[in-house]
Amino acid sequence: MGCGSCGTGKPTGCKSNGYCISGGCNKLNVFDWLANMDDQVTAKNELLEVRFKNGRKDFFRNHESLELFIGDTVVVDVPHGYHIGYVSMQGDLVPLQMAKKKRKDEEARPIYRKATDADLEKWKQVQAREESIMYRTRKIIRRLSLEMKLTDVEFQADGSKATFFYSADERVDFRELIKVLAAEFHIRVDMRQISVRQEAARIGGLGDCGRELCCSTWLTDFKNVSTTAARYQNLSLNPKKLAGQCGRLKCCLNYELDTYKDALQDIPQLEKPLLTKRGPARLQKTDIFRKIMWFEYEDDTGWYAVDVTRVHEILEMNSSGLKPESLVLSSVEKNQESDGSFFE
């Protein structure tokens, strides 16, 4: 099986054995940093991580000791039937991942076998129903006047069950909807509510940076993002620029927040203009990492770059009732500073 986005044949970069899983080579991939270490024979080595549609993952047990590799298609046990997925992780890294997600070893269900051509053909036929059923379900939702947005439908490989992913602002009573869907499609129905961030992750797309969305490629934990992060980074509080495709604040606003907080510790918070003999100077802009603050006089349209150290000096002079000649050190002030008489 070739990799469409990596070239012809098995790719040499993503190491997925030619299987680009769920729409792209970077779809929630995990780098196995233990792969080159000496093998340790433990009972936990039979645990595997299997990936399903749109990056959904779960852990399973290779109790039959099948020879499996990353990217292999396997038939796994799920409640009320079986499903097909791709092996996405194996080895000693799996128990560490399970511990991170607080999963117990005994919760891992068994892997039946490698998927055969017959399994894959049936699975392909089942997947072909997903799009038409999703559009039909949306019509039923409108007819029942339910305040919910259907995002995706995922069929179980045996065709007996379908999971409907939806987002909603409030709690939705979908009992009548389940009855209608079960009667019309003759399947077991599972309704699963997801957040708008998870919805964007399942749909995918490109961000303003030109790269694939973080939530679609590697981000799995969605932390709270507030406008305070934008204020720390001197970003314009424009909702259109700060919001991602999910309509919420971009997750990347938190990436460099700690660095900005550390850099801001030396920068004074000005509540009023700096007082000089030329007049009051108001802060217009701050270059956080270069430690430069830009000021403007009322009678001048030009901006003056002032080092943070100089700003602290002027604040100390103002608190003592003194005013410097200007924002920038004059030659007289430099001489006074050099002989230690600047604050006398």
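Visitor: Let's start at the hairpin: how many residues lie between strand 9 and strand 10?
Guide: There are 2 residues between strand 9 and strand 10 in that hairpin. Strands here are DSSP runs of E with at least two residues, helices are runs of H or I with at least four, and both are numbered from the N terminus. Keep in mind that this is a predicted model, where local features need pLDDT of at least 70, side-chain atom pairs count only at pLDDT 80 or more, and totals for chains, interfaces and linings use all residues. Residues are numbered from 1 along each chain as its sequence is written, and side-chain values use heavy atoms, with hydrogens and water left out.

Visitor: Thanks. In which sense do strand 9 and strand 10 pair?
Guide: Antiparallel, over 3 bridges, with strand 9 covering residues 274–276 and strand 10 covering residues 279–287. Two strands count as paired if DSSP finds at least two bridges between them. L274 is set opposite A281 of strand 10.

Visitor: And what do strand 10 and strand 11 form?
Guide: A hairpin, with 4 residues between the two strands. In the turn, K291 has a positive phi of about 60°. Strand 11 spans residues 292–297 and pairs with strand 10 in the antiparallel sense over 6 bridges.

Visitor: Zooming out, how many helices and strands does the protein chain have?
Guide: The chain comes to 11 helices and 12 strands. It has 344 residues, of which 39% count as buried. Buried means under 20% relative accessible area, exposed means over 50%, and partly exposed is in between, using a 1.4 Å probe and protein chains only.

Visitor: What share of the contacts comes from residues 24 or more positions apart?
Guide: That share is 58%, taken over contacts with a separation of 6 or more. A contact here means heavy atoms within 4.5 Å.

Visitor: Now the barrel: what order do its strands run in?
Guide: The closed barrel has 5 strands in the order 1-2-5-3-4, with mixed pairing. Neighbouring strands in this sheet are turned by 55° against each other on average, ignoring direction.

Visitor: Which strands does helix 1 touch?
Guide: Helix 1 (residues 93–100) packs on the sheet and touches strand 1 (47–51), strand 2 (57–61) and strand 4 (81–89). The directions of helix 1 and strand 1 make about 70°. Axes are lines fitted to C-alpha atoms, for helices over the stretch in contact, and angles run from 0 to 180 degrees between N-to-C directions. Helix 2 (residues 117–127) also packs on the sheet, touching strand 3, strand 4 and strand 5, at about 105° to strand 4.

Visitor: What about the open sheet: what order has it?
Guide: Its 3 strands have the order 6-7-8, with mixed pairing. Strand 6 (149–155) and strand 8 (188–193) are the edges, each pairing on one side only. The average twist from one strand to the next is 25°. Strand 7 (residues 161–167) pairs with strand 8 in the parallel sense over 6 bridges, and A162 is opposite V189.

Visitor: Which strands does helix 3 lie across?
Guide: Helix 3 lies across strand 6 and strand 7, at about 145° to strand 6. Helix 5 (residues 196–203) lies across strand 6 and strand 7 too, at about 50° to strand 6.

Visitor: How do helix 3 and helix 4 cross?
Guide: Their axes come within 11 Å and cross at roughly 140°, with helix 4 spanning residues 175–185. That is why they count as oblique to each other; under 35 degrees would be roughly parallel, over 145 roughly antiparallel and 65 to 115 roughly perpendicular, with the rest oblique. Among the residues meeting there are I133, T137 and I140 of helix 3 and L177, L181 and F185 of helix 4.

Visitor: Is T137 buried or exposed?
Guide: T137 is buried, with a relative accessible area of 0%. It lies in helix 3 (residues 130–143). Not counting residues up to four places away in sequence, T137 touches L150, F164, L181 and F185.
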